[in-house]
Amino acid sequence: MTPIRRVWVTRAEPGAARTVDRLTALGFTPITAPLLTLAPLPGALDAAPAPAAVAALALTSPNGVKAFAPLIPRFRRHPVFAVGDATAEAARAAGFADVRSASGDIHALARLIAAEAPPGPLLAPGAREPAGDLPALLPDRPVHRLPVYAAFETHAPAPELFDAVMLHSPRAARALASDLPRAASSGRIAICISDAAAIPLRPFDFTQIRIAATPDEPAMLSALGKPAAPV
């Protein structure tokens, strides 16, 4: 692998700070310039169904858990199906008692729900523009999508000096593709959380586009390889 030292962190806060800590611990030099910022949607929770009308919850990000937090006491005893371990950890920390992780992507989550969820409608609090279409993957089960937060592009300029850029979502990749001059990708490496996050980068001149072995940050960090020695 090409050695990397300076890593551009594009994810929104508060996740960016956690990524910076992990990169620093591994010996990289993180550069924080988020391409997205997150905000709860006003009044979104008013559209939530009554707990009795829901059999289980499907959660696809820690951000969704945070935005849904005011309603968690009402749904605390419902089983929760989380897309990955970070989301599952956030759900447990928020007070949910029965949390199961698909440890994968939206397709893995759909398989877990199909195999283990109790009969009845699902409530899926999440982003206004979700990365995947869970209702389409569960055609035999009612899925109530509840947009509780939205991501907005920051149009932050790219750092002048970076060796690699980490893209934690297809939305972040699209934001980068809309603002980054093609020449700024030359000689750099992109680390993508999934194939979908890599697609917007194909017209660019990145030396490499590395896709994480699994759609999570530990796999993205592994894809970085060992940090280059300080100059």
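Between which strand and which helix does the loop with Ser-103 lie?

Analyst: This is a predicted model, in which local features need pLDDT of at least 70 and side-chain atom pairs count only at pLDDT 80 or more, while totals for chains, interfaces and linings use all residues. Residues are numbered from 1 along each chain as its sequence is written, and side-chain values use heavy atoms, with hydrogens and water left out.

Ser-103 lies in the loop between strand S6 (99–101) and helix H5 (106–116); helices (H or I, at least four residues) and strands (E, at least two) are DSSP runs numbered from the N terminus. The phi of Ser-103 is near 50°, a positive value in a residue other than glycine. Most residues other than glycine have a negative phi, and most peptide bonds are trans. With 44% relative accessibility, Ser-103 counts as partly exposed, the class between buried (under 20% relative accessible area) and exposed (over 50%), with a 1.4 Å probe and protein chains only.

A positive phi also occurs at His-155, near 55°, in the loop between strand S8 (143–153) and S9. The peptide bond from Glu-13 to Pro-14 is cis, with omega near 5°, and Pro-14 is found in the loop between S1 and H1.

Strand S9 (residues 164–167) pairs with S10 in the parallel sense over four bridges, pairing being at least two DSSP bridges between two strands. Met-166 has Ile-191 of S10 as its bridge partner. From S9 the chain passes through helix H7 (residues 170–179) to S10 in a right-handed β-α-β crossover, meaning a clockwise path from the first strand over the helix to the second when the strands point away from the viewer. S10 is also joined by four bridges to strand S11 (residues 208–211), and the two run parallel; here Cys-192 has Ile-211 of S11 as its bridge partner. Ile-189 and Ile-191 point one way from S10 (residues 189–192), Ala-190 and Cys-192 the other way, and all are buried.

Helix H9 (residues 217–224) has six of its eight residues buried, so it is largely enclosed by the rest of the structure. The buried residues are Glu-217, Ala-219, Met-220, Leu-221, Ala-223 and Leu-224, and they pack against strand S1 (6–9), H1, S9, S10 and S11. Between H1 and H9, the contact (heavy atoms within 4.5 Å) is made by Thr-19, Arg-22, Leu-23 and Leu-26 of H1 and Glu-217, Leu-221 and Leu-224 of H9.
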